Number of protein chains: 2
Amino acid sequence: MSDLEKHHRMANAIRFLAADAVEAAKSGHPGLPMGAADIATVLFTQFMQYDPTRPDWPDRDRFVLSAGHGSMLLYAVHYLLGSEDFTLDQIKNFRQLGALTAGHPEYGHGAGIETTTGPLGQGLANAVGMAMAERHLRETFGAELADHHTYALVGDGCLMEGISQEALSLAGHLKLSRLIVIWDDNGISIDGKVSITDSTNQIARFEASGWETVSIDGHDPIAIANALRAARESDRPTLIAAKTTIGFGAPNKAGSEKVHGAPLGAEEMAATRKALGWNHEPFDVPAEVLDNWRIAGLRSGQARKEWEKRLAAADAETRGEFERRIRGDLPSGFTDAVQALKKQIAADKPVMATRKASEYVLGMINEAVPETIGGSADLTGSNNTRTKQTTAITPEDFTGRYVHWGIREHGMASAMNGMALHGGVIPYSGTFLVFSDYARPAMRLSALMRQRVIHVMTHDSIGLGEDGPTHQPVEHYAALRAIPNLDFYRPADVTETLECWQLALESSQTPSVLALTRQNLAPVRETYEEDNACARGAYVLADSENEPDVTIFASGSEVAIALEARDVLEGDGIATRVVSVPCMERFEQQSADYQADIIGGGTVKVAVEAGIRMGWDRFIGNDGIFIGMHSFGASAPFEALYEHFGITSKAVVTAAKERLGR
Amino acid sequence: MSDLEKHHRMANAIRFLAADAVEAAKSGHPGLPMGAADIATVLFTQFMQYDPTRPDWPDRDRFVLSAGHGSMLLYAVHYLLGSEDFTLDQIKNFRQLGALTAGHPEYGHGAGIETTTGPLGQGLANAVGMAMAERHLRETFGAELADHHTYALVGDGCLMEGISQEALSLAGHLKLSRLIVIWDDNGISIDGKVSITDSTNQIARFEASGWETVSIDGHDPIAIANALRAARESDRPTLIAAKTTIGFGAPNKAGSEKVHGAPLGAEEMAATRKALGWNHEPFDVPAEVLDNWRIAGLRSGQARKEWEKRLAAADAETRGEFERRIRGDLPSGFTDAVQALKKQIAADKPVMATRKASEYVLGMINEAVPETIGGSADLTGSNNTRTKQTTAITPEDFTGRYVHWGIREHGMASAMNGMALHGGVIPYSGTFLVFSDYARPAMRLSALMRQRVIHVMTHDSIGLGEDGPTHQPVEHYAALRAIPNLDFYRPADVTETLECWQLALESSQTPSVLALTRQNLAPVRETYEEDNACARGAYVLADSENEPDVTIFASGSEVAIALEARDVLEGDGIATRVVSVPCMERFEQQSADYQADIIGGGTVKVAVEAGIRMGWDRFIGNDGIFIGMHSFGASAPFEALYEHFGITSKAVVTAAKERLGR
């Protein structure tokens, strides 16, 4: 059998596993796996450093299927390579409840899925983040320990999404030469030909951002190999524009949108078998083809063993540090550093905006935790995310620990996901809280994938003042609290900021948002306690001496308002308790008794927060008093806005007394 | 005085009004107005067809300040042109409570602000939508009635945001030759030089999407005029890359990030006055300069009068129809058409997915309301947004009424805002509900600007099945309900779908989302009633004969589950009422009595919705029973998912009985 024939049979194994699985599931996307099978075969059998016997090998090449609807490509490849996770049974159960083989690739559903994809464009930006993490580790630990490539397969849809521009322009700027993007240029999207909706010269577009580019026939294995070989040698990221036929091999449906997202049907399946000379039953891969794939799968074993030798040969400190970072454990000194700073804060009682508090805390964190990589979407001086430890990463030098992300909130959040998925670094970054909307699709995926990424989001309310309603979050607290497995923190002072930062770093399975003020805040807790009160999500900050008449719940900058109101109410003989609520999600994880104790006290319940009411009924009931926002904000100095919107201690006092009939 | 000197003094009037206002407000962005003053002067005094005496003239040129932080440019220009809204008093009150002169330009704060900007990139995409609306009206009504240009001034930040790629690639594809984008290429962003974060050749990038481009010195009035003149003649959209100095004229701070977003300070203000030879007090514009501006302001009066003559000369039907569309009134026959279809539905009792119901209803709407322009972000066959009336808009022919938006959810939503702001059309479009996250920044702005844009968002729950958690909305109901002045509808059957569509179209000040199912639903209401029950947001769908023991609240596809549960409970002698909740926002606008009546009934309250609990405590209290999602979804056939996540009538019955102790 010629090499070419051998290749075709190996590629056809992908095609039929994919088409058969879609057929059995009665839903799915056969078009991409059939069209990109040649690319995947060449990439995985000749280039990818990926050892299926050690799929968590830290120095493996990463492959991201950005066009996630083609998930069967990934499952088929990993079955063929010899994955323990992606067995034939799994493939037969494609898209069924409990199977690893979900409709779109789900991170955590088996080794080989480096990231969850499906929402278009995300995989490309994830890959940029992975390549950034690789390069940072390579320049930090040396090529002996980190020296691999990141490959991404993207579709037309990925390239039409705006996030693709943020990702590719950053990658070009940073000269991420180990990033190789293969564009499955099949010219078809769901509505028909791509030419119905887009006329962009993608090659020219990538070149405009400094990429190496090459155009090839995506069904020619020699051309694919040559392009990949050249791409690995480039000093810039490379786009391989691979012209393919969607649904390659299906005689009547290939090359059209009909084959994108629906089963081929029995008749076309039979015709495809005939056309490609594949005389095998559904899910049956002939032994000789499977053997060829399995041999290719073992190909990287030697490289992996050599890497292990290099790791073993490294000095103990380097090895230990590298392994710790890859495991994702925090350094042993972290807790002590937290406590030392906490004592200092209790002694100093600093009055500052929580964004400044965050900078102050980061000074400790970035010293104690060398794997943090900070950044900001062009708001460094406003987000206060940079400290003396974090020198800038530049195209020439990746030993730094600070990324000037540019005005690319979405790309930033998605690349941070890629950094976290890669491992060895803990990414945090900054923007204004209102622009969480721009980053939201990527933030959702971080929650779904259970990744430790930390978003410092400042200017967290009308308290930002004059910039006005376009810049003032109102609904964002609720909207972010709504995302499952995302912790939204709104600390009230420097101590709470420290505690929330500690929790965010210790949450290895949960992304975090820290919502921080522009305006100054006085301490709400003045004595040192080792215990992290914020860990319980909500806690009694100021109790009443007697059984409370009133409980006031508040977060962030409004805790001060609650305390002021308490002083007045207590002065008037009304027993008042203040509960600080830095994190509703953590509160929900406490015991029922604890929750009842926090929520239960007081006949009158008031919540104060400079956002909308949604979420607070959980604390105050649907008959509770809510002092907050009921509309968008406005442009004015912040003191005027708090007055204008009636978020004042006076409003709390008046409403509480009225309810009590006093 | 030479023409050049005259120009400089006119431009300097902008510079000093802006810098003085920022100085007085002690906050704001002097850099852009000072840098782009020459561009604005040439554009507004020589090119813009904009009559300050009739700023709502429908055929005026549109100007969008996409770099909205430079708001003082806009306020200064309109004051100088003779705006009735932007007086000197307003400018002196820049960024103060109640002033029209907000920190960022707010639509509705005075004529001349064509859209709210600030979140970067939005203005560019708005401008694309405006140019689309203009061309549609021009090709529909003729150039006698619609024949104008759309100008946008964008900054480096706008071009770094991903939405810019969606907008520019669409504009290039559609050959929007009346769109002229001026890039204020000052090379500075907040973190410093743009070269820190980006190396993109923007000219090459725009050319890759089919734009005409030209590079000029943005301080040379002749070059600016020549470029604008050429751009108006091009058969493609034009990018004018205007090299400028941020903060032009400030001797020590110009050309650096220091002048971007902070007052210059007294000393630098004095130095700038000296450098530019501007010997006038703050806010003082010499009479000769003001005269020159005011004369320029009157320049378009003649063009406007000629347009009015042409309108008067048009046949009565055309004129009436044009004026109706511009007013935004629905056609007189609309209500009758709604009622006729409602009767038909009551007679036919169709079982269908609400996405199909929407298509069915759109068949009536698109016939009765000729100003609708539909579309989909490459999911036409899934969103069911196209009907026989809506032929496709193409680069060659804009008489159509359907936009193949491509995979550009964010650009689509933002361009729809531009279309609505332009007037004369009612845009609606489609994507999957989960991808509302991609469109969210633009959706927020539609709510803030009170624009009638309608988002058809299908595949609205785990009911979409196999595509899995990346495609299954869970938190999106809450997240969208959280946005002020956005109506989120989740109809339960064909009749409710019709009612919600009617409400969305009749809400001229509020954007709407229609969340629609992929799976089939049976009718929940079978008899014709003229009254639009969905208008109340929540209503009793099935009452109990006796005082209810249980009230079940539900929306969309879960209303059927609620009705099933009611049958079982009533059969067991438990009086049960079902409340359909198609729109929580409308419910909040009802009288307190109505709300109490809806919420008050029943000792046990249950809510059923295939999303998270957030928002439902308002109905069921914090001790109510919630049957819904508590996590992300999963990939499986939808029936299996409803079982797996326990969203079943059995779960409702069991929980209600347990609570009742039966």
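The model is predicted. The account begins with a helix contact in chain B. Within this contact, Ile561(B), Glu564(B), Ala565(B), Val568(B) and Leu569(B) of helix α21(B) meet Ser649(B), Val652(B), Val653(B), Ala656(B) and Lys657(B) of helix α26(B). Sorted by class, the residues of this contact are seven nonpolar, one polar and two charged.

Helix α21 covers residues 558–571 of chain B and helix α26 covers residues 649–660 of chain B; they pack at an angle of about 50 degrees, with axes 8 Å apart. That angle makes α21(B) oblique to α26(B). The crossing of α21(B) and α26(B) is right-handed.

Helix α1 (residues 3–25) and helix α11 (residues 287–298) of chain A pack at about 95 degrees, and their axes are 10 Å apart. This makes α1(A) roughly perpendicular to α11(A). From α1(A), Lys6(A), Arg9(A), Met10(A), Ala13(A) and Ile14(A) meet Glu288(A), Val289(A), Asn292(A) and Trp293(A) of α11(A). The contact of α1(A) with α11(A) comprises five nonpolar, one polar and three charged residues.

| Helix pair | Angle between axes | Distance between axes |
|---|---|---|
| α21(B) and α26(B) | about 50 degrees | 8 Å |
| α1(A) and α11(A) | about 95 degrees | 10 Å |

The next topic is the sheets. In chain A, five strands form an open sheet with the order β1-β2-β3-β7-β6, and the pairing is parallel. Strands β1 (62–65) and β6 (212–217) of chain A are the edge strands, each pairing on one side only. From one strand to the next, the twist averages 15 degrees. Inside this sheet, strand β2 (residues 150–154) and strand β3 (residues 179–185) of chain A pair in the parallel sense over five bridges. Thr150(A) stands opposite Leu179(A) in β3(A). Helix α5 (residues 122–141) of chain A packs on the sheet and touches β1, β2 and β3 of chain A; the direction of α5 makes about 170 degrees with that of β2(A).

Chain B contributes an open sheet of five strands in the order β16-β18-β17-β19-β20, with mixed pairing. Strands β16 (539–542) and β20 (625–628) of chain B stand at the edges with a single partner strand each, so one side of each has no neighbour in the sheet. The twist here averages 30 degrees from one strand to the next. Strand β16(B) pairs with strand β18 (residues 576–580) of chain B in the antiparallel sense over three bridges. Tyr539(B) has Ser580(B) in β18(B) as its bridge partner. Helix α23 (residues 592–600) of chain B lies across β16, β17 (550–554), β18 and β19 (604–609) of chain B and runs at about 130 degrees to β18(B).

Annotations from a database record complete the picture. Under "binding site", an unreviewed UniProt entry lists His29(A), His260(A), Arg355(A), Ser382(A), His459(A), Asp467(A), His471(A) and Arg518(A). These positions span 490 residues in sequence and the farthest two C-alpha atoms are 48.6 Å apart, so they do not all gather at one spot. Arg355(A) lies in helix α15 (residues 354–368) of chain A. UniProt (unreviewed entry) also lists residues 352–524 of chain A as "domain: Transketolase-like pyrimidine-binding". Over residues 352–524 of chain A, the chain is 38% helix and 18% strand, with its end C-alpha atoms 12 Å apart.

Terms used:
Residues are numbered from 1 along each chain as its sequence is written. Chains are lettered from A and ligands numbered from 1 in the order in which they are written. This is a predicted model: local features need pLDDT of at least 70, side-chain atom pairs count only at pLDDT 80 or more; totals for chains, interfaces and linings use all residues. Side-chain values use heavy atoms; hydrogens and water are left out. Axes are lines fitted to C-alpha atoms, for helices over the stretch in contact, and angles run from 0 to 180 degrees between N-to-C directions. Helices (H or I, at least four residues) and strands (E, at least two) are DSSP runs, numbered from the N terminus. Angles under 35 degrees count as roughly parallel, over 145 as roughly antiparallel, 65 to 115 as roughly perpendicular and the rest as oblique. A crossing is left-handed if the near helix is turned anticlockwise from the far one by less than a right angle, and right-handed if clockwise. Contact means heavy atoms within 4.5 Å. Ala, Val, Leu, Ile, Met, Phe, Trp, Tyr, Cys and Pro count as nonpolar, Asp, Glu, Lys and Arg as charged, and the others, Gly among them, as polar. Two strands pair if DSSP finds at least two bridges between them. UniProt positions are given in the numbering used here, feature names are shortened, and annotations may be inferred rather than shown by experiment.
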